[in-house]
Amino acid sequence: MFISGFIALALSILWESLVAFISLTGGLVCGGFILGYLERWSNTLMIHSLGMKGIYMTAWLGTPIHEISHAALCLLFGHKVTAVRLLQPASPDGTIGYVHHAYNPDSLYQRMGNLFIGLAPLFGGGLAILLFIRVLVPDSFEQIFRLITMDHSVFLVAEKESWLRLGQAVLAVIRGLFSMEHLTNPGFWIFVILALCIASHMSLSREDIRGAAGGAGALLLLFVVANTLSVILDPLLHDRMMDGIGRFNFCYLILMSLAVLFSFVKCFISLCIYRISSGKQREGIL
């Protein structure tokens with residue numbers, strides 16, 4: 001009986017830890033893949049239309065923010081930054097910016113940091129968009145702040161009500177952002193241009209994904225330790241941890257929705273440029 005009870009408890013802790021891990025990283029990973037698909041599509045159209053200069057039309061801002069996000073998380077998790085290039089001419093493999101870093105593999109904290117360092121552009125890009133909203137469209141920032149600080153601003157994947165609240169919040173933010181009042185405000189259009197540049201370069205490279213995967217096991221182990229302590233010391237620790245993850249998800253998914261929206265706009269613009277460019281080429285042949 002003791003052994004079966006111990007196994008059941010261990011499996012319960014492992015399951016709760018896996019749920020917490022997926023809850024924290026699931027939205028980030030899904031958002032990263034969506035942005036990655038949209039970025040590759042947009043970049044392909046731009047390169048066919050304008051060459052690499054089409055990429056630099058947005059990379060002048062998006063790539064430095066992407067790389068600064070990596071570097072900032074490296075410092076936060078105690079990694080040593082060995083080389084940084086915020087923007088450069090494209091290398092043969094297409095790299096136009098990079099951050100190289102080193103860490104102590106014996107440190108659980110630094111190993112876990114690999115996950116967040118790899119995902120850093122998703123955090124940094126979202127925060128940069130929020131910062132420009134704060135500066136250029138302050139009333140929309142106040143609306144977002146009210147939404148994410150409300151008592152029910154918690155997103156849990158398994159709850160239908162969470163999806164409804166998130167959908168209503170995203171629609172409210174988009175309606176407020178693209179109001180008629182803002183359409184006549186020059187600051188709003190400056191924000192749109194900056195947001196297009198940032199969202200176009202928030203996706204994760206293969207190196208980013210590889211680095212993030214290296215820290216996933218350490219984060220899962222941390223959740224196992226936290227849930228074990230919850231069983232031993234404080235049964236409410238797990239609930240508070242999941243509440244914090246849910247609040248983070250609600251805030252983050254609103255920003256990610258805006259990034260995806262602007263990425264779609266960038267794809268539409270790229271498609272229009274591609275169609276115009278292709279039309280001119282056909283006219284030249286004729």
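**Figure 1. Confidence and overall layout of the predicted chain.** The mean pLDDT of the chain is 86, and 95% of the residues score at least 70; pLDDT is the predictor's confidence in each residue, from 0 to 100. This is a predicted model in which local features need pLDDT of at least 70 and side-chain atom pairs count only at pLDDT 80 or more, while totals for chains, interfaces and linings use all residues. Residues are numbered from 1 along each chain as its sequence is written, and side-chain values use heavy atoms, with hydrogens and water left out. The chain holds ten helices and two strands, in the order α-α-β-β-α-α-α-α-α-α-α-α from the N terminus. Helices (H or I, at least four residues) and strands (E, at least two) are DSSP runs, numbered from the N terminus. Confidence is lowest in helix H9 (residues 206–232), with a mean of 82, and highest in helix H8 (residues 186–199), at 94. The C-alpha trace spans about 85 × 45 × 35 Å along its principal axes.

Figure 2. Of the 286 residues, 45% count as buried. Buried means under 20% relative accessible area, exposed over 50%, and partly exposed in between (1.4 Å probe, protein chains only). There are 18 positive and 17 negative side chains, and the centres of the two sets lie 10 Å apart. Lys and Arg count as positive and Asp and Glu as negative, with His and the chain ends not counted; each charge is placed at NZ of Lys, CZ of Arg, CG of Asp or CD of Glu. Among contacts (heavy atoms within 4.5 Å) with a separation of 6 or more, 76% join residues 24 or more positions apart.

**Figure 3. The largest nonpolar core and Leu 219.** This core has 66 residues, and those with the most contacts inside it include Phe 116, Leu 219 and Phe 262. Helix H10 (residues 237–285) gives the largest share of this core, 14 residues. A nonpolar core is a set of buried Ala, Val, Leu, Ile, Met, Phe, Trp, Tyr and Cys residues joined through side-chain atoms within 4.5 Å. In soluble globular proteins, nonpolar side chains tend to be buried together. With neighbours within four places in sequence set aside, Leu 219 is in contact with Phe 21, Leu 24, Thr 25, Met 112, Leu 115 and Phe 116.

**Figure 4. Met 241 in helix H10.** Met 241 lies in helix H10 and counts as buried because its relative accessibility is 19%. Apart from neighbours within four places in sequence, Met 241 is in contact with Ala 20, Phe 223, Ala 226 and Asn 227. Ser 230 is eleven residues away along the chain, and its C-alpha atom is 9.9 Å from that of Met 241.

**Figure 5. Leu 229 in helix H9.** Leu 229 belongs to helix H9 and is partly exposed because its relative accessible area is 39%.

Figure 6. Ser 107 is in the loop between strand S2 (98–102) and helix H3 (108–118), and counts as buried because its relative accessibility is 18%. Ser 107 and Gly 78 are 29 residues apart along the chain, with their C-alpha atoms separated by 9.7 Å. Ala 172 is in helix H6 (residues 160–177) and is buried, with 17% relative accessibility. From Ala 172 to Gly 94 the C-alpha separation is 38 Å, across 78 residues in sequence.
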